[in-house]
Amino acid sequence: MRAMLPMLLAGVLAACGPKTPAIGVSPQLADPDAEQEVSAILEAAVTGDPKGSGADSLYSPSSTVVANGSLRLSTPRLAGVQPGGSAAITTSEVSVRGGVAWAMAEYRWFSTELNVVRIGRATVVLMPRKGGRGWWIVHAHSSTTAR
């Protein structure tokens, strides 16, 4: 027990110290317009995914997309989505800090033709486009849920 006391004391003192933001992350929120723009890009990515390559312009050429643990190099990019049908966001949360934005979304893909509905969740990271005109997706990770 005596040997653990210095480690416990160091942990308590560290927890009481001043809190500083992570390097490169601004503690202030970006303007609401940036959050709305990122939300619109997220919406376009989800609704455009079953339609094909039209949503490709929303992704950085070097983006990484993982769906249900597999790398996706083309549409459909989101887990559970197939070509055709429709997709819609049911809930989402967007955060913008400095030059990074991230979003979490729950979505549904459905096909009346196949009589299928799939539920998925995605985490998306966005960065400003070169030249500072808008945002694009640099990483997306999605998985289907068992509801």
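Asp-56 counts as partly exposed, at 28% relative accessibility (buried is under 20% relative accessible area, exposed is over 50%, and partly exposed lies in between, with a 1.4 Å probe and protein chains only). This is a predicted model, in which local features need pLDDT of at least 70 and side-chain atom pairs count only at pLDDT 80 or more, while totals for chains, interfaces and linings use all residues. Residues are numbered from 1 along each chain as its sequence is written, and side-chain values use heavy atoms, with hydrogens and water left out.

**Salt bridge of Asp-56**

- Asp-56 and Arg-77 meet through their side chains in a salt bridge, at 2.8 Å from N to O (a salt bridge is a side-chain nitrogen of Lys or Arg within 4 Å of a carboxyl oxygen of Asp or Glu).
- This pair links distant parts of the chain, 21 residues apart: Asp-56 is in the loop between helix 2 and strand 1, and Arg-77 is in the loop between strand 2 (70–71) and strand 3.
- Helices (H or I, at least four residues) and strands (E, at least two) are DSSP runs, numbered from the N terminus.
- Arg-77 counts as buried, at 7% relative accessibility.

**Salt bridges of Glu-106**

- The whole structure holds 3 salt bridges.
- One of them joins the side chains of Glu-106 and Arg-108, at 3.4 Å from N to O.
- Glu-106 is buried, with a relative accessible area of 8%, and Arg-108 counts as partly exposed at 25% relative accessibility.
- The side chain of Glu-106 also meets that of Arg-121 in a salt bridge, at 3.0 Å from N to O.
- That pair links distant parts of the chain, with Glu-106 in strand 4 and Arg-121 in strand 5, 15 residues apart.
- Arg-121 is partly exposed, with a relative accessible area of 41%.
- Through shared partners, the salt bridges join Glu-106, Arg-108 and Arg-121 into one network.

**Nonpolar core**

- The largest nonpolar core has 29 residues, and Leu-126, Trp-135 and Ile-137 touch the most other members (such a core is a set of buried Ala, Val, Leu, Ile, Met, Phe, Trp, Tyr and Cys residues joined through side-chain atoms within 4.5 Å).
- At least two residues of this core come from each of helix 2 (32–48), strand 1 (59–67), strand 3 (86–97), strand 4 (100–111), strand 5 (116–128) and strand 6 (135–144).
- Helix 2 gives the largest share, 6 residues.
- Leaving aside neighbours within four places in sequence, Ile-137 is in contact with residues including Ile-41, Ala-45, Leu-58, Tyr-59, Val-124 and Leu-126 (contact means heavy atoms within 4.5 Å).
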